[in-house]
Amino acid sequence: MADSDPESAFDMVVIGSGGGPHETNLSGYLLKPHDAEWDAGIIALEAGSGQGALNKLLQLNLNLFESKDEAARTYSASEVYSFVRAFLITHAHLDHISSLVLSAGSLGGERKRVYALKETLKDLEGVFNWRTWPNLASYAEDDENFKLLYSPLVPNGKYHPVLPGISVQIVPINHGTNELGHHISAAFFLRCDSHPSKREFLFFGDVEPDSVTAASPKTINVWRKAAPMIPHALSTIFIECSWPSDRRDDMLHGHLSPEHLRDELVALANEVYFSRSGSNAGSSQRPQRKRQKRNPPSIDQLQGILTGFRVYIIHCKDQSTPQNDVPIKEVILGQVRSLIEEAGLGAEILSADQGMYITI
Ligand SMILES: [Zn+2]
Ligand SMILES: [Zn+2]
């Protein structure tokens, strides 16, 4: 596929990027190191849409996963999924796991790990319970009868290898409050270990703005980890914006709107400013201690601070009545773009569309 950047670290194909209710376009992204072939191992980042959606995509473009060797062979959807070595799941809502569940009994290839927070794996156990679905997953490393291997990721600030050449760090985030309490989702830092500058990208699961969960903010933890790596090691982020502008806070249901996404990116920009101007400059390993004493930068000081940073908008919720026939995703994208332009941060706002081949 087209690739102008010889420095690329990852190849990604967007199997689905919507936030429902259309079941044909739910969160699902396939990922590999840029310099490896697809049949050498794939990470499935989320598993809302899967083989059914890929089947449709291959009818439009059979060469989406073409191998680069001389045989230049193409693959069917089930072959592509047989190459998956690991699923990375941000949380167990159905729009993020439904294809994992539906395909679990027929997945080809090696046994597959399911990486997630332990709370999320617990939720999956409640689906693979012989009633909602046969139990096809276990925690036992040498249990070949079970196609899926539950593999908890501990949010301890460390990177865990999930595929040769790719490691991941998980960070818990908030995804709204319900009768059971705070619902936990996750963000992943995905690092290409073989890349000369160990390039990373950041992928958010569904997330509530910190301003709404003021008592226990969590996205700030992600921004503090990300900031010292921007823009050299980290210049790409995938983050949701489920709703269009002017959605009331009590109607967010654990998601972002354009104004909240702008505020979150300003919070990131603040952290980038601190990491560049702080006493720990040049030593990004040292924890920042005197956070409470730092004065936030002025709007002028943030101008262009995220230049070169690409923000892919995902998980827009389909509306039954599109505004003037413009797809809601386009509406949201335009709203985010003008807010970020107004704030002058310099970040590039893009959308990750179903069927896209993205190099990172
Ligand atoms: Zn969700
Ligand atoms: Zn979702």
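Which residue bridges the zinc ion (ligand 2) and the zinc ion (ligand 1)? In this predicted model, the bridging residue is D206, and the two ions lie 3.4 Å apart. Residues are numbered from 1 along each chain as its sequence is written, chains are lettered from A and ligands numbered from 1 in the order in which they are written. Local features need pLDDT of at least 70, side-chain atom pairs count only at pLDDT 80 or more, totals for chains, interfaces and linings use all residues, and side-chain values use heavy atoms, with hydrogens and water left out.

The zinc ion (ligand 2) is held by D95 (OD), H96 (NE2), D206 (OD) and H315 (NE2) at 2.1 to 2.2 Å. Donors here are N, O and S atoms within 2.8 Å of the metal (3.2 Å for Na, K and Ca); water is not among the atoms, so sites may look incomplete. The donor residues follow the spacing D-H-x109-D-x108-H. D95 sits in helix 3 (residues 94-103) and D206 in the loop between strand 11 (200-204) and helix 5 (219-226), so this pair ties together parts 111 residues apart in sequence. Helices (H or I, at least four residues) and strands (E, at least two) are DSSP runs, numbered from the N terminus.

H175, in strand 9 (residues 166-178), and D206 link parts of the chain 31 residues apart.
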